[in-house]
Amino acid sequence: MSGDFIETFVNTRQRLLDAIEGLSAEQLQWKQAPKVWSVQEVLAHLVDHSIITSFRLRDILAGTEARLPVFNQDAWVSGQYANEGAVSDILETFTALLHYNAQLLRRLQRADFDKTAVNAKGEIVSVADIIRGFIRHVENHLGQIERIKQAAAPV
């Protein structure tokens, strides 16, 4: 797998930092509506997604025959009171997981990126698919963060 691919994965951290630069705690925690995520809740969700991605990668590499796990993202965010934590803790955890997973990816052989398992939808996914999906997922949430910032601007 190309180093650029892994660097794009690692660069998701900086992209998130750039997206939230200059936001106050109040702006990070602002919610347009009770069931709509704040920027901080989006960041907490991305940590949750990193945890699931970590598990999925390792399960595929271990040759699992079980379906890869899914999680109830809204329940996870609300159940952990994500908006009441510190964004610095959330980002520290995201960074640690990203670093740990990047170390793993850099150790893999080319053929390891082609190893597969079945996801919760019944689709066959590879290690490379999981990483590409993670990158796309962060991209989607970067767009969500921008929309939250725009909605909060007049407030």
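**Leu68 and the packing around it**

Me: What makes up the set of residues that Leu68 touches, not counting residues up to four places away in sequence?
Reply: Leu68 touches Arg56, Asp59, Ile60, Ala117, Val118, Asn119, Ala120, Val125 and Ile130. Contact here means heavy atoms within 4.5 Å. Keep in mind that this is a predicted model.

Me: Where is the place of Leu68?
Reply: Leu68 sits in the loop between helix 4 (39-61) and helix 5 (73-79).

Me: Why is Leu68 called buried?
Reply: Buried means under 20% relative accessible area. Leu68 has 2%, so Leu68 is buried.

Me: What distance separates the C-alpha atoms of Leu68 and Arg136?
Reply: They are 18 Å apart. Along the chain, 68 residues separate Leu68 and Arg136.

Me: Why does His49 count as buried?
Reply: The cut-off is under 20%. His49 has 8% relative accessibility, so His49 counts as buried. His49 is part of helix 4.

Me: Which residues is His49 in contact with, leaving aside neighbours within four places in sequence?
Reply: Arg56, Phe71, Phe134 and His137 are in contact with His49. Arg56 also touches Leu68.

Me: How many aromatic pairs does the count come to?
Reply: Four. Ring centres must lie within 6.5 Å to pair.

Me: What makes Phe5 and Phe113 an aromatic pair, and of which kind?
Reply: Their centres are 6.4 Å apart, and the limit is 6.5 Å. Their planes stand at 80°. Over 60 degrees counts as edge-to-face. The pair is therefore edge-to-face.

Me: Why does the pair of Phe5 and Phe113 tie together parts that are apart in sequence?
Reply: Phe5 lies in helix 1 (residues 3-10). Phe113 lies in the loop between helix 6 (87-107) and strand 1 (116-118). The pair therefore joins parts that are 108 residues apart in sequence. Both Phe5 and Phe113 are buried.

Me: What kind of pair do Phe94 and Phe134 form?
Reply: A stacked one, with 6.2 Å centre to centre and 20° between the planes. Planes under 30 degrees apart count as stacked. Phe94 lies in helix 6 and Phe134 in helix 7 (residues 127-152), so this pair ties together parts 40 residues apart in sequence.

Me: How do you know that Phe94 counts as buried?
Reply: Phe94 has 2% relative accessibility, so Phe94 counts as buried. Phe134 has 1% and counts as buried too. The cut-off is under 20%. Phe9, Phe94 and Phe134 form one aromatic cluster.

Me: Which residues of helix 2 (residues 12-20) are buried?
Reply: Thr12, Leu16, Ala19 and Ile20 are the buried ones. They cover an arc of only 85° around the axis, so they lie on the same side of helix 2. Just after helix 2, Gly22 takes a positive phi of about 85°.

Me: How many helices and strands are there in the protein?
Reply: Seven helices and two strands. From the N terminus on, the order is α-α-α-α-α-α-β-β-α.

Me: How do you know that the radius of gyration agrees with a compact globule?
Reply: With 155 residues, a compact globule would have a radius of gyration near 15 Å. The protein has 16 Å, so the value agrees. Buried residues make up 43% of the 155 residues.

Note on methods. Residues numbered from 1 in each chain as written. Predicted model: local features only at pLDDT ≥ 70, side-chain atom pairs only at ≥ 80, totals over all residues. Heavy atoms only, no water. Buried < 20%, exposed > 50% of the residue type's maximum accessible area, 1.4 Å probe, protein only. Helix = DSSP H or I, 4+ residues; strand = E, 2+ residues; numbered from the N terminus. Arc of directions from axis to C-beta. Phe/Tyr/Trp six-rings, centres within 6.5 Å; stacked < 30°, edge-to-face > 60°. Rg over C-alpha atoms; globule rule 2.2 N^0.38 Å.
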